[in-house]
Amino acid sequence: MYIHNCWYVICWARDVAEAPVSREILEQQVVVFRTESGLLAAVEDRCPHRHLKLSMGQVVGETIQCGYHGMQINAQGRCVHVPSQKAIPPRARIRSYPVAERYGWVWIWTGDVELADPAQIPDFHQLTDPSLAAVGSTNFVKAGFRLLNDNLLDLSHVGFVHTSTIGNREFGANAKIFAEKIDGGVRVSRWVIDCPPPPTYEKTGHLPAGRNIDRWSVIRYTAPSFVVIHTGGAETGTGAPEGRLDHGINLWVMNAMTPANEKTTHYFWATARNFRIDDAEIDALIFNQVSEAFEEDKRVLEAQQIAIDRHGDDWSNALQADVGSVEGRRCLERMMDSEMNGETGQATIRKSAHN
Amino acid sequence: MYIHNCWYVICWARDVAEAPVSREILEQQVVVFRTESGLLAAVEDRCPHRHLKLSMGQVVGETIQCGYHGMQINAQGRCVHVPSQKAIPPRARIRSYPVAERYGWVWIWTGDVELADPAQIPDFHQLTDPSLAAVGSTNFVKAGFRLLNDNLLDLSHVGFVHTSTIGNREFGANAKIFAEKIDGGVRVSRWVIDCPPPPTYEKTGHLPAGRNIDRWSVIRYTAPSFVVIHTGGAETGTGAPEGRLDHGINLWVMNAMTPANEKTTHYFWATARNFRIDDAEIDALIFNQVSEAFEEDKRVLEAQQIAIDRHGDDWSNALQADVGSVEGRRCLERMMDSEMNGETGQATIRKSAHN
Amino acid sequence: MYIHNCWYVICWARDVAEAPVSREILEQQVVVFRTESGLLAAVEDRCPHRHLKLSMGQVVGETIQCGYHGMQINAQGRCVHVPSQKAIPPRARIRSYPVAERYGWVWIWTGDVELADPAQIPDFHQLTDPSLAAVGSTNFVKAGFRLLNDNLLDLSHVGFVHTSTIGNREFGANAKIFAEKIDGGVRVSRWVIDCPPPPTYEKTGHLPAGRNIDRWSVIRYTAPSFVVIHTGGAETGTGAPEGRLDHGINLWVMNAMTPANEKTTHYFWATARNFRIDDAEIDALIFNQVSEAFEEDKRVLEAQQIAIDRHGDDWSNALQADVGSVEGRRCLERMMDSEMNGETGQATIRKSAHN
């Protein structure tokens, strides 16, 4: 069960610079390529002749050429050239998908083509905001996208899973949590007051040494699977809880989870910061720390998927800290119901409000 | 189909010294841990909150703490602490198992808790007898426990599978075999008179060089899957067949096979000897030779399991040497029938008689 | 669905020189061995006692001895010796198969034994013709044999898959193709006139440098899965299209595809040449180039099998260049119908005509 009338990230724009990219999304095999004139295209990753993955071929002009017998398919999924004959088989056609490039990501639409409006791409402007510096990558996680949503909506795990990087024990135990509904999603605010900074924050050298901080995470989830977390910390007593967030560490963690299928997910992530934005060392530090943290998550999520395959996705012991995850699941279910009932374009498609 | 009202070995006591141990037994996922006060505990390896394996967490006080959101579970399988809230979810409970430590092994009971009497743990006293020296380990074998039973009950294979270690061709061909029923099992005595010693025996330097030996193996099997083999050899003509076993080589090979599931088995083994018991070189020699022999068995057993998956476990060409294996299978079937008929505590549970 | 009344290659004669060979063919597990007196034998790869693969044992005299308990099975599949007892279990018998050695290959017959006439082994005389030099090997390909047939019958792929070895772009695009039915198969003639030689041809040094060639491939397919390709090239204008093939490069590519099962194939191949036949450097060059080309095919074929598992083996966009593949499939279907209707020995079994 997936939401189809929705833009999903399929790859980074940089991924498709040199060669076609093959991805399973929503159980469909898709190849993304950039034609010689620079247009992006996404079509079924299967030659209509003898079914080889087109991604094993190469871009030729405005087409992708099959690597087996050379049939050429254009961005609309139509065969336009056969090397060994002049006639084009009239049924040699495969599915093509609307695509758009925004925020450095390539977005794809798997639903009703009539509804594919790029204005509805969720807001991830921090990825390319010139006043910020963003680093990020892609993880392939053998766990369903719902489990990734849950993970990001209950950050109490940071105090257990990520104690070597972005978390510590105080973070998991002493939080104040507020959840509020937003259009098509939920916003969870999480504050930990007067706690030690986590290892990653200390390594930036951007906080006064040896002092406690007030730490916040404002998690904005929109269904089906987009999460922007504005997180950071500032020295305790300097006004962060009262709204003074213009000092200390400010990070925006950008997360777009695209289902490959029910049990595996392409996880696109980036972290943007507003300090020392031209500093390559800080780029590397943040990239490495967050990569490591997400490897920690991956280990947990994949084990959780195996457990859930065996036991079922049972929520009978939900905790107060699950408030965001539970509301997120509700939003997703409503969106699915809405799409199944044909109410697309209203309830299911929206531009996310700015955080 | 498994016997449940029975103690099984789940791990060596030494395995659980540093960290929790995760094991599948009888198709159940179990974590064994030792609390800070030194108590052994075994519970379902699944957090009641979001189902992560508890073995991915750590021991905290008298509990095991989940590595995802920090829920703490005690030895009875009850949640006793949630880091992010004060209230304990009333249904946050998982199964716990009776455990006991004996002979250096941790034993677990998967059946009716009322019947779990540690006095019924089978006798493997040679593992910790101070007059003997025992070395051993655990193999994970991708074959059902019945095939491991068969292997140990028909030692004619030693003359074909183990010619580089504990066997030679004479051992497979010229044996005299006697089988007799014992309480809940079978005892098979196997003698080879006036044969060359196998490579392992020669390497001990504990036999007169260049002389033939009389070699014995007394295999005591009790259902479902315990085997103690008293084996050895003494110079031909020095009275071994008449009962003088106080010289030459005396070994006790201890075997406890715990089903992970129908097709995989945790195989706990050790070899005890009564000579040069403080000699670390002989420890290493025996350990390495028997390890190598059991790797040879593993290769055969896993191939046999694959063949049986395809062909069925057909006994239509049973040989005279299979007498022990066939009687062992009968004991197991009787024990299963008895347990299914609710006659537990009588036929199915017993303390093994000393060999 | 397989043709059974047919000789298949099971291994090279050289493969069975030192030890038994285990192969799955037509979903049957078979062991091939050569007895001490030099006879070839093929029997079910399973001991009738406890079902271990006999190929894990060894040849003893005129038998293969099981590596578990030593039962010995002769070339007729009968147990003839049990080490641990005198009596032979009367039902200890497994299937044996007719075998024959020809052209350096071991052939096996899986069908009706009465019909197994070695005179019907297909003609691959080029493998052992003293006027030619042949090099070859075996690939295990995770794709069904039909896809391998298709691959060899539509060489337009050579211009896309093999541009680093035996193909170039001109080869895929400018061919003239003629297909004609032959007894039990199809012959496809493929000519490319006045084109550059491919990399492999240039590396032989056997063509005038910098000159275009006329290139031919005469593909002779006989069902179920035998292909001999006479291919080569000679300087343009020197009469090749008119029949003068006695100069330039002449190669015979020999292909025998034996189904392991519906989705995997043992692919036996060799390339024979009529020039510099005693030159070990040319042996190595041809072997390495063709090996590399067949690795390129393997990559494509295995991806195609995965695609077809998902999509079905749909031919709705067949091209003119598929004429040979399509006719080959028809021959195979006719042969299957014929065998299913009991018309074996007539339609389904024949000696291939010489090319």
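How much area do chain C and chain A bury between them? About 2300 Å², with 54% of it on carbon and sulfur atoms; buried area here is the accessible area (1.4 Å probe) that two parts lose on being put together, summed over both. On the chain C side, C:F160, C:N317 and C:L319 lose the most area to chain A, together 29% of what that side buries.

Hi everyone, a quick word on the ground rules. This is a predicted model, where local features need pLDDT of at least 70 and side-chain atom pairs count only at pLDDT 80 or more, while totals for chains, interfaces and linings use all residues. Residues are numbered from 1 along each chain as its sequence is written, chains are lettered from A in the order in which they are written, and side-chain values use heavy atoms, with hydrogens and water left out.

Back to our interface. Here 32 residues of chain C are in contact with 23 residues of chain A, contact being heavy atoms within 4.5 Å. Between the two chains there are two salt bridges, each a side-chain nitrogen of Lys or Arg within 4 Å of a carboxyl oxygen of Asp or Glu. Have a look at A:R50 and C:D313, whose side chains meet in a salt bridge at 2.8 Å, N to O.

Which element gives the most to the side of chain C that touches chain A? That is α5(C), with nine residues; helices are DSSP runs (H or I, at least four residues), numbered from the N terminus.

How values were computed. Helices (H or I, at least four residues) and strands (E, at least two) are DSSP runs, numbered from the N terminus.
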